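Dear colleague,

Please find below the structure that I am handing over to you.

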Amino acid sequence: MLHFVNLTNESPYAGVGMMGDIFIVCSALYNLQGHKICVNGNTVPPTTFYDKEYIKDNNIDNAWECYFENKWKSEEGYDNINLTPDSQTWILNYGGTPNTHMSPYVLLIKELFFNNFSVKETIMNEVDNFVNKNLTSNTLGVHWRGSDMANAGRERVNTYVNLKKQINQIIDAHPNIDSIFIASDDKTIITSLQKDFEKPIYYIDCYRSTPHNKHLTPFDRYHNDRKYHIFKVSKEVLVDTLILTKCTYFLRSYTSSVSECVLLLDEENNIKHTFIQE
């Protein structure tokens with residue numbers, strides 16, 4: 001059984017964010033090949049995806065299983081392993097050269113992940129319903145990382161001017177692209193894309209930063225009064241990620257757990273072209 005732990009003294013949570021935690025699990029899967037793995041989402045301190053109210057009201061024992069099924073949960077005799085960057089090699093090289101859908105580690109870890117876990121049926125139904133209603137085999141999926149990432153002053157955070165230029169270059173090279181799906185934590189990017197592109201712009205209805213609520217720190221997004229907010233904000237980023245796995249064309253962020261997890265959760269190998277934001 002894999003357990004998330006507090007990574008810094010300043011963090012009120014075990015692990016990192018929802019997709020960052022999936023990324024850590026994927027790194028652990030590489031180092032624990034040959035083992036049947038389960039993940040424990042109930043930790044002290046809690047993970048960012050642990051919604052106490054939602055779990056109680058829905059009689060769920062393990063927060064991880066709000067989103068994924070542990071395929072081997074009926075098995076016994078697991079080693080208890082804490083998931084930390086120090087104890088697990090970050091084999092996917094987060095922050096280094098970005099992976100694509102053809103990266104050898106991506107292909108291997110994707111297989112390992114789905115040997116041990118499956119996405120909850122209710123979540124996959126939500127994803128499939130959105131895709132069937134809105135997207136085509138010629139949709140360009142775009143992930144834009146804004147809010148606290150942009151505020152942190154990272155060197156490889158893109159600008160909208162560059163993003164717009166790169167999307168136009170991709171469309172020029174692949175004129176069959178007929179629509180754009182945008183996954184982002186920043187509401188302003190949607191407005192900008194709708195203004196600057198004639199092609200349909202699709203996105204899910206979810207909680208995002210706005211000019212009046214910019215989410216300047218990694219944990220700002222977890223504070224809201226809506227019922228089951230922690231569950232919803234975690235599910236929303238997972239749904240965004242899974243919709244991106246349905247896109248033939250994918251423009252990924254240079255540095256982001258979401259973009260990495262799009263590649264790792266593309267179980268059906270739908271992505272045929274990966275482009276990296278400059």
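The paragraphs below set out what was found, beginning with the conventions.

This is a predicted model, in which local features need pLDDT of at least 70 and side-chain atom pairs count only at pLDDT 80 or more, while totals for chains, interfaces and linings use all residues. Residues are numbered from 1 along each chain as its sequence is written, and side-chain values use heavy atoms, with hydrogens and water left out.

Aromatic contacts

The structure holds 13 aromatic pairs. Rings of Phe, Tyr and Trp (its six-membered ring) are paired if their centres lie within 6.5 Å; planes under 30 degrees apart count as stacked, over 60 as edge-to-face and the rest as tilted. The ring centres of Tyr54 and Tyr228 are 5.2 Å apart and the planes stand at 85 degrees, so this pair is edge-to-face. Tyr54 belongs to helix 2 (residues 52–57) and Tyr228 to the loop between strand 8 (201–202) and helix 8 (229–244), so the pair ties together parts that are 174 residues apart in sequence. Helices (H or I, at least four residues) and strands (E, at least two) are DSSP runs, numbered from the N terminus.

Tyr54 and Tyr228 are both buried, where buried means under 20% relative accessible area, exposed over 50%, and partly exposed in between (1.4 Å probe, protein chains only). Phe113 and Phe114 also form an edge-to-face pair, at 5.3 Å centre to centre and with 75 degrees between the planes; both of these residues are buried. Ring pairs link a cluster whose members include Phe4, Trp64, Phe117 and Phe231, along with Tyr54, Tyr228, Phe113 and Phe114. Phe117 lies in strand 5 (residues 117–119) and, at 0% relative accessibility, counts as buried.

Charges over rings

Two lysines are placed over aromatic rings. A charge sits over a ring if NZ of Lys or CZ of Arg is within 6 Å of the ring centre and within 35 degrees of the ring normal. Lys36 lies over the face of Trp72, at 4.6 Å from the ring centre. The charged end of Lys227 sits over the ring of Tyr228, 4.6 Å from its centre.

Salt bridges

There are 10 salt bridges in the structure, each a side-chain nitrogen of Lys or Arg within 4 Å of a carboxyl oxygen of Asp or Glu. In the bridge between Lys235 and Glu126, the closest N and O atoms are 3.0 Å apart. This pair links distant parts of the chain, with Lys235 in helix 8 and Glu126 in helix 4 (residues 121–134), 109 residues apart. Lys235 is buried, with a relative accessible area of 18%, whereas Glu126 is partly exposed at 34%.

Arg252 is bridged to Glu260, the closest N and O atoms being 3.1 Å apart. Arg252 is buried at 0% relative accessible area, and Glu260 is buried at 3%. Elsewhere, salt bridges that share partners join Glu65, Glu69, Lys73 and Lys120 into one network. Within it, the closest N and O atoms of Lys73 and Glu69 are 3.9 Å apart, and Glu69 is partly exposed, with a relative accessible area of 26%. The C-alpha atoms of Glu69 and Phe117 are separated by 5.5 Å, although the two residues are 48 apart along the chain.

Helix packing

Axes are lines fitted to C-alpha atoms, for helices over the stretch in contact, and angles run from 0 to 180 degrees between N-to-C directions. Helix 8 and helix 9 (residues 257–264) pack at about 50 degrees with their axes 8 Å apart. The axes of helix 4 and helix 8 come within 10 Å and cross at roughly 50 degrees. Helix 8 and helix 9 are therefore oblique to each other, as are helix 4 and helix 8; angles under 35 degrees count as roughly parallel, over 145 as roughly antiparallel, 65 to 115 as roughly perpendicular and the rest as oblique.

Backbone

A cis peptide bond joins Val44 and Pro45, with omega about -5 degrees, and Pro45 is located in the loop between strand 2 (39–40) and helix 2. Phi is positive at Asn59, near 55 degrees, and at Tyr228, near 60 degrees. Asn59 lies in the loop between helix 2 and strand 3 (68–70) and is exposed at 69% relative accessibility, whereas Tyr228 is buried at 17%.

Yours sincerely
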